[in-house]
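Please have a look at it before I go on.

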Amino acid sequence: MPTLPRRYHITTFGCQMNKADSERMAGILENMGFAWTEEPNDADLILYNTCTIRDNAEQKVYSYLGRQAKRKQEDPHLTLIVAGCVAQQEGEKLLRRVPELDLVMGPQHANRLQDLLEQVLAGSQVVATEPIHIIEDITKPRRDSTVTAWVNVIYGCNERCTYCVVPNVRGVEQSRTPDAIRAEMETLGHQGYKEITLLGQNIDAYGRDLPGSTLEGRHRHTLTDLLYYVHDVSGVERIRFATSHPRYFTERLIRACAELPKVCEHFHIPFQSGDNDLLKAMGRGYSQEKYRRIIDTIRHLMPDAALSADVIVGFPGETEQQFENTLRLVEEVGFDLINTAAYSPRPGTPAAVWENQLSEEVKSDRLQRLNHLMSIKAMERSQRYLGRIEEILVEEQNEKNPTQVMGRTRGNRLTFFPGEIQAFKGKLVKVQITDVRAFSLTGEVLVPVIS
Ligand code: SAH
Ligand code: SF4
Ligand code: F3S
């Protein structure tokens, strides 16, 4: 058996799930004796944790991979791994395309990295993409931050949105038990983490696959129940969750958020389109009226809550008028932030083979118009912070201005203020907001509220 290579580098593409998986895989590698290197060209092991949500995400992976595959031709000791969603989607095809690869592993296999790597180091080329029951994570993740952390609560997705690859690459829903989630949060609280984001592609589906999940006709393990179950974990000061699905989102959840002091006043609820016919074609299972009712209830119960969403423009068949319905929704709701994307046909999804695809010109024109409206609306929403005193959890130095530190409001607005990171990192402070921009704020610290 060859000696173990010692230095590793992970490049992560895609969403928070991938970031969370990368942190667990880094933990496994360090446990095996590997040491992190910032510079990929110095690494003996390179792992790409990949995303395939849109074509440009996938192409980015191939261009990174091409460079390292070339390096491997000169240095055969380099271990090359593709993990994540492209790995799952392409499987063995990836080995044909990039024969230099040692290991192709889908997202469900992240916790098995040690096992798989041992097979590689024993001389095999390995593909691990079969669906499996995700084993509880017993390793120690190497987390990027010492202040904020992600905790998976449900893996996979059982929805069938007609544009989306996630169910194909992430598999069926698998909820972790409330006890496992709470135990991980308690460890984080002891380690000094202040903010935890609970993660799921459709987090409102949490618990429906757990044994004994219904009692007298009512779900026992819902996201709302989970929030009540974990909110008193000591040390943890803030709890967030994402991503919410309008089809399953409940008023009970909003009431819990209003009632539980640690749960932040921020909802991320993608609506994808403001047009009912398009929502139907997307297979989303709600109408724009239902979406607006959810927002009205949030505004009624939590008037200051921040709202964010994801939107797709240029879905097959989208007419100018249907696109304008999306613009109208954005205009009327007043989001703090939206993630916008032009529709990208994805392999293995129903909408990709429909004949009513729109041209790239139409899609990019609509994307620009939506982005323009978005920045105007975000600026309007930012105005409400001016002069206010906000609670900020300090995360890092401001990369662009080292005399400032960076943190977030409870509503998730990026906020900067003058200060030394050593003095403020991980602290909750009161900051008076003196300057607002569309997507960030600047202020001055008043007094630290918690040391
Ligand atoms: N589970 C979340 C989102 C997961 S993917 C939800 O249901 O909302 C993140 C975002 O990528 C989606 O909200 C959608 O806006 C975008 N997206 C997904 N598939 C896409 C595609 N084929 N083309 C363009 N954007 C897409
Ligand atoms: Fe994709 Fe829809 Fe599942 Fe979200 S809910 S991950 S958009 S299939
Ligand atoms: Fe991308 Fe996979 Fe996340 S496709 S958005 S990394 S679930």
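Which side chain meets that of Asp21 in a salt bridge? The partner is Arg170, at 3.0 Å from N to O, where a salt bridge is a side-chain nitrogen of Lys or Arg within 4 Å of a carboxyl oxygen of Asp or Glu. Asp21 lies in helix H1 (residues 16–31) and Arg170 in helix H6 (residues 166–170), so the pair ties together parts that are 149 residues apart in sequence; helices here are DSSP runs of H or I with at least four residues, strands are E runs of at least two, and both are numbered from the N terminus.

A word on conventions: this is a predicted model, in which local features need pLDDT of at least 70 and side-chain atom pairs count only at pLDDT 80 or more, whereas totals for chains, interfaces and linings use all residues. Residues are numbered from 1 along each chain as its sequence is written, ligands are numbered from 1 and chains lettered from A in the order in which they are written, and side-chain values use heavy atoms, leaving out hydrogens and water.

Asp21 counts as buried at 2% relative accessibility, and Arg170 likewise at 7%, buried meaning under 20% relative accessible area, exposed over 50% and partly exposed in between, with a 1.4 Å probe and protein chains only.

Glu159 and Arg247 form another salt bridge, with their closest N and O atoms 3.0 Å apart; here Glu159 is buried at 5%, while Arg247 is partly exposed at 35%. In a further pair, Glu184 and Arg176, the corresponding distance is 2.7 Å, and both residues are buried.
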